[in-house]
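Please read the following report alongside the sequence and the three-dimensional view.

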Amino acid sequence: MRVLYLLRHGITEANEKHLYGGSTDSPLSENGRRMAREIAVSRTLPNCDICVSSGMTRANETLAILTGRSPDLILSELSEMDFGQFEMLGYETLRHIPDYQRWIGDDSGAFPCPGGESTGAFRKRVLAGGEALLALDWGMALVVCHGGVIVNLMGAWFPAENRGFYEWQPAACGGWRVEFDGRTPIRFEPI
């Protein structure tokens, strides 16, 4: 059996302002750093064989605060969605823009954010990163990445759960403990 700790990064200014932060390489906010330090004291993570990050500053900072470690491996496929022209903007700014309405209403996942990714392309990239992770040799691993990444991985690994986006998306510095039999996900629990 292998165990994966899949954690979302701490809070950023974009999170606090309800903006699409996506591919913008933002650091944690002061509140995010404080929260991560508090969680590091109250919740001890096990010493993992490998610590993986998306490589984005907010993920690397969260990993360092929670574990005192730097990433052993960067998997950029596990970075957040590229929202293109919607980056660092919020719903109130975007809601009247036709391309935004088309993007949020696109159930097929084929329509990209202008200058960015479609949800389908994002999912494909993330799942390729998940496969790359599972192909590595580890018994216990920690991955610090992003909410959209976690939603896509957990939804693909546990499709029978039939959970929605917000049911899979953990809070900042939260996540899932996932057990695998080889490369097959068998159980999960929130952490």
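## Basis

This is a predicted model, in which local features need pLDDT of at least 70 and side-chain atom pairs count only at pLDDT 80 or more, while totals for chains, interfaces and linings use all residues. Residues are numbered from 1 along each chain as its sequence is written, and side-chain values use heavy atoms, with hydrogens and water left out.

## Helices α2 and α3

Helix α2 (residues 30-42) packs against helix α3 (residues 57-67) at an angle of about 35°, and their axes are 8 Å apart. Helices here are DSSP runs (H or I, at least four residues) and strands likewise (E, at least two), numbered from the N terminus; axes are lines fitted to C-alpha atoms, for helices over the stretch in contact, with angles running from 0 to 180 degrees between N-to-C directions.

On the α2 side the meeting residues are R33, A36, R37, I39 and A40, and on the α3 side they are E61, I65 and L66, where contact means heavy atoms within 4.5 Å. By class, this contact has five nonpolar, no polar and three charged residues (Ala, Val, Leu, Ile, Met, Phe, Trp, Tyr, Cys and Pro count as nonpolar, Asp, Glu, Lys and Arg as charged, and the others, Gly among them, as polar).

## Residue L89

L89 lies in the loop between β3 (73-74) and α4 (91-94). With a relative accessible area of 27%, L89 is partly exposed, a class between buried (under 20%) and exposed (over 50%), taken with a 1.4 Å probe and protein chains only.

Leaving aside residues up to four places away in sequence, L89 touches L19, Y20 and L94. L89 and T57 are 32 residues apart in sequence and, C-alpha to C-alpha, 19 Å apart in space.
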